[in-house]
Amino acid sequence: MAPPPDLTVSQWADRYRRLSPESSASPGQWDTDIVEYLREPMDMVGKPGVREIVLMTSAQVGKSSFVENVIGYFMHQDPCPILHVSPTISSMKMFSKERLAPMLRDSPVLTGLVKTARSRDSDNTIETKRFPGGNLAMVGSNAPSGLASRPVRVVVADEVDRFERSAGTEGDPLKLAIKRTTTFWNRVIVYVSTPG
């Protein structure tokens, strides 16, 4: 078996990512040239020595697609435990159903990685997607139990400015999520937000 090609996130997206009709005005093959301003932040993800990437932009400029590309890249190219944190449980469910599920369905290299959802199958739920070599856990910043007790290598904090100030009695949800990465020497933490 040959190892996967050594690709940056933007190269991976240009080769493998398919935009879904539910979430894009231009469904079909992803093309980073159209959103050139996302190339650098995408390519900082996974670059040796880079542990944190911050992307703060106005609304509707591709942040969600950036997040999806990062998740898809790690699922396919560098499988590991991933944590996606949304502001609320409700927004997490919306991301899982409306953004992630269509990407998994429409990008062929991702389609077979996660089992088809079945009512008794814990490998594919709204909150968790298991794939060979890793898993994606999705939580809301207002759910302290989801932010604790799991080691993760990659944290994607989505819409950080809308996070709860405290996850119940547990404290800062962002600090709780980041603490999950401490055992990984090659951890990656991505902060994404529109100004709040």
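Tutor: Two strands pair if DSSP finds at least two bridges between them. Keep that rule at hand; this is a predicted model.

Student: What makes β3 and β8 a pair?

Tutor: Pairing needs at least two bridges. β3 and β8 have five bridges, in the parallel sense, so they count as paired.

Student: Which residue is the bridge partner of Leu-55 in β8?

Tutor: Val-192 is the bridge partner of Leu-55.

Student: In what order do the strands of the open sheet run?

Tutor: The order of the six strands is β3-β8-β7-β4-β6-β5, with mixed pairing.

Student: Why are β3 and β5 called edge strands?

Tutor: β3 (52-56) and β5 (128-131) each pair on one side only. From one strand to the next, the twist averages 10°.

Student: Which helix lies across β8, and at what angle to β8 does it run?

Tutor: Helix α3, residues 63-76, lies across β8 and runs at about 160° to β8. This helix also lies across β3, β4, β5, β6 and β7.

Student: Which strands does helix α4 lie across?

Tutor: Helix α4 (residues 89-106) lies across β4, β5 and β6, at about 145° to β6.

Student: Where does Asn-186 lie?

Tutor: Asn-186 sits in the loop between α7 (173-179) and β8 (188-193).

Student: Why is Asn-186 called buried?

Tutor: The cut-off for buried is under 20% relative accessible area. Asn-186 has 19% relative accessibility, so it counts as buried.

Student: Which residues is Asn-186 in contact with, leaving aside neighbours within four places in sequence?

Tutor: Asn-186 is then in contact with Arg-51 and Arg-153.

Terms used:
Residues numbered from 1 in each chain as written. Predicted model: local features only at pLDDT ≥ 70, side-chain atom pairs only at ≥ 80, totals over all residues. Heavy atoms only, no water. Helix = DSSP H or I, 4+ residues; strand = E, 2+ residues; numbered from the N terminus. Buried < 20%, exposed > 50% of the residue type's maximum accessible area, 1.4 Å probe, protein only. Contact = heavy atoms within 4.5 Å. Axes fitted to C-alpha atoms, helices over the stretch in contact; angles between N-to-C directions.
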